[in-house]
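Welcome! Take a moment to turn the model around on your screen, and then let us read it together.

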Amino acid sequence: MNLDFFTLYVIILLNSLTLAIVWAAICHAYRAFEAARYWLASCILTTFGGCLLALEVLPYGKAFTVAGNACVIFGFGVMWGGVRVFYGARPRWELVIALTAAASVAMALSVDSRPRLNMVTAGGQIVAIGLAALALLEKGRRRLGALVAASAMGLALLGHGAEFTTNGLRLAGLMTTEAYYGAAAFFLVAAIFGGGVWNLGFVLMAVDRLRSELAALAQEDDLTGLPNRRRFMQASTRLETIGRRTGQGFALMLIDLDRFKEINDRYGHAAGDACLMHFAALATTRLRKSDMLARLAGDEFCVSLPGTDLAQAAKVAEDLVGLVAESPCLWRGEAIALSISVGIAEWRPDMAAGLARLIEEADAALYATKKRGRNGFSVAAEALA
């Protein structure tokens, strides 16, 4: 199969243009997804590079050849930058620019020799794609989308590697031009197919990330960033299941901000929201990593304390009550005094009752605290007595 380079560059152009349209739609729909902007820019650069390469048949075509290949190499570097941004790292612009500049100089010096020029362009693309593939295959990143993208990059690297090798053989006189052109189409088709599939891998990565974020939103309180009721109940049910197997119990605390309605009425709901966030930040500083603080609704919070009995939980509650009382919420220059009421209950593996009963007991203890005057805590055993 023989294909002239003009036709192959047009194929690259159309492929890149199609992918650019896909990424433009994703960027428009999900504007906070930063990596997509890099991958869109990469497709635009390779599309523009394809346009320039298609003009190499015109006068001053060698300049178009160098500029077009430089755009493609830089585009692949931007694609690598998108992978780094996706995983929370900064792009290495200094390396991308250095690679593009070095390849451009080498191409300008090799423009009169097509085999040497092909080797330079293939080498530059191999470096950029290889860096992206390595970033995808780092430990902890090998999910489906990343594996698809990295595998496609491997195919593209094979194509570019074959292009580099066969042109080296041409320079050494070990391969004829006719034999090279008989195989070159396969190398470039591998690179084109790889580029299309690695973008599919990026789309899978984007879908996986967006789905995870959506799932987190469904289980997270949007004001405080704490787990919501659904997530807390799921986690507590797991604690109960694990506890029956391992023999480890846990304590549960229900917490209300005292006179929260009065705060809203006096200072406004924005101040009330600030108080909720203030309490969440305070409580988080005094709890263990294994503990879970959740916002159930309004000013109602709940804490699970794995491996904690009533006496230990009472000490935690006492610490929280004192901390909140000593730490008013500063709102527009005014200190809003806060206090909390806490109800504590304990679940043990020998108890027949489950999570629902435990919450009822903690709620009864919370009611006992409020009945006693608020700003304190009660344990279920005392409340039930």
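The report below goes from the whole chain down to single residues.

This is a predicted model, in which local features need pLDDT of at least 70 and side-chain atom pairs count only at pLDDT 80 or more, while totals for chains, interfaces and linings use all residues. Residues are numbered from 1 along each chain as its sequence is written, and side-chain values use heavy atoms, with hydrogens and water left out.

**Confidence**

The pLDDT is the predictor's confidence in each residue, on a scale from 0 to 100. Its average over the chain is 90, and 96% of the residues score at least 70. The chain holds 13 helices and seven strands; these are DSSP runs numbered from the N terminus, with helices being H or I of at least four residues and strands E of at least two. Where pLDDT is low, the predicted coordinates should not be read in detail.

**Overall form**

How does the chain fill space? Its C-alpha atoms take up a box of roughly 95 × 50 × 30 Å along the principal axes. The radius of gyration is 31 Å, whereas a compact globule of 385 residues would have one near 21 Å. This radius is taken over C-alpha atoms, and the globule rule is 2.2 Å times the number of residues to the power 0.38.

Of contacts (heavy atoms within 4.5 Å) between residues at least 6 apart in sequence, 70% join residues at least 24 apart. Ala356 belongs to helix 12 (residues 355-371).

**Buried and exposed**

Buried means under 20% relative accessible area, exposed over 50%, and partly exposed in between, using a 1.4 Å probe and protein chains only. Buried residues make up 49% of the 385 residues.

| Residue | Relative accessible area | Class |
|---|---|---|
| Ala356 | 54% | exposed |
| Cys51 | 32% | partly exposed |
| Cys329 | 4% | buried |

**Cysteines**

How many disulfides does a search of the whole structure find? The number is zero, a disulfide being a pair of cysteine sulfur atoms within 2.5 Å. Cys329 is in no disulfide, as the nearest cysteine sulfur, that of Cys275, is 4.0 Å away. For Cys51, the closest cysteine sulfur is in Cys71, at 9.7 Å, which is too far for a bond.
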